[in-house]
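Let's take a look at where oppositely charged side chains pair up in this protein. Have the sequence and the 3D view handy.

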Amino acid sequence: MNRLSPHSCQQDRKDFGLPQEMVEGDQLQKDQAFPVLYEMLQQSFNLFYTEHSSAAWDTTLLEQLCTGLQQQLDHLDTCRGQVMGEKDSELGNMDPIVTVKKYFQGIHDYLQEKGYSDCAWEIVRVEMMRALTSSTTLQKRLTKTGGDLNSP
């Protein structure tokens with residue numbers, strides 16, 4: 001992607017408050033982990049699948065990222081019924097989901113505040129690397145606890 005030197009964007013740095021302890025710790029129960037993972041991927045897809053992102057990023061790589069996120073979401077949709085059962089109706093009211101939504105809203109607000117500048121997108125790129133790494137950690141945790149997300 002069109003990467004700037006992170007050092008050149010130091011003045012734009014921001015702590016978005018990634019709920020690290022929630023996605024990497026043991027605070028989530030198994031039935032909460034799946035919807036948190038799904039919400040993180042959905043929000044990541046929404047962030048990158050906008051006209052503002054295509055202006056700042058290499059479109060081919062951005063399309064590949066969005067395609068990969070969409071494939072993960074499709075796969076999770078397939079697994080959702082098996083893992084969640086009747087709990088789907090409760091997803092919007094779960095505290096961890098609200099926390100994830102607030103986190104991503106903060107990122108959207110930041111980008112808007114900064115006028116979707118190249119530096120703002122560079123700061124968000126670094127942040128999203130952290131968030132996606134955390135979602136991978138969460139997926140591994142789910143797989144270990146029996147919520148196998150690797151096979152539909």
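This is a predicted model: local features need pLDDT of at least 70, side-chain atom pairs count only at pLDDT 80 or more; totals for chains, interfaces and linings use all residues.

Residues are numbered from 1 along each chain as its sequence is written, and side-chain values use heavy atoms, with hydrogens and water left out.

How many salt bridges are there? The count is three, taking a salt bridge as a side-chain nitrogen of Lys or Arg within 4 Å of a carboxyl oxygen of Asp or Glu.

| Pair | N to O distance |
|---|---|
| Asp12 and Lys114 | 3.0 Å |
| Arg125 and Glu122 | 2.8 Å |
| Glu127 and Arg130 | 2.8 Å |

Start with Asp12 and Lys114. Asp12 sits in the segment before helix 1 (20-24) and Lys114 in the loop between helix 5 (95-113) and helix 6 (118-144), so their bridge ties together parts 102 residues apart in sequence. Helices here are DSSP runs (H or I, at least four residues), numbered from the N terminus. Asp12 is buried at 9% relative accessible area, whereas Lys114 is partly exposed at 33%. Buried means under 20% relative accessible area, exposed over 50%, and partly exposed in between (1.4 Å probe, protein chains only).

Now for helix 6. Arg125 and Glu122 are three residues apart there, about one helical turn. Arg125 is buried at 12%, and Glu122 is buried too, at 3%.

Glu127 and Arg130 are also three residues apart in helix 6, again about one helical turn. Glu127 is buried at 4%, but Arg130 is partly exposed, with 38%.

Terms used
Helices (H or I, at least four residues) and strands (E, at least two) are DSSP runs, numbered from the N terminus.
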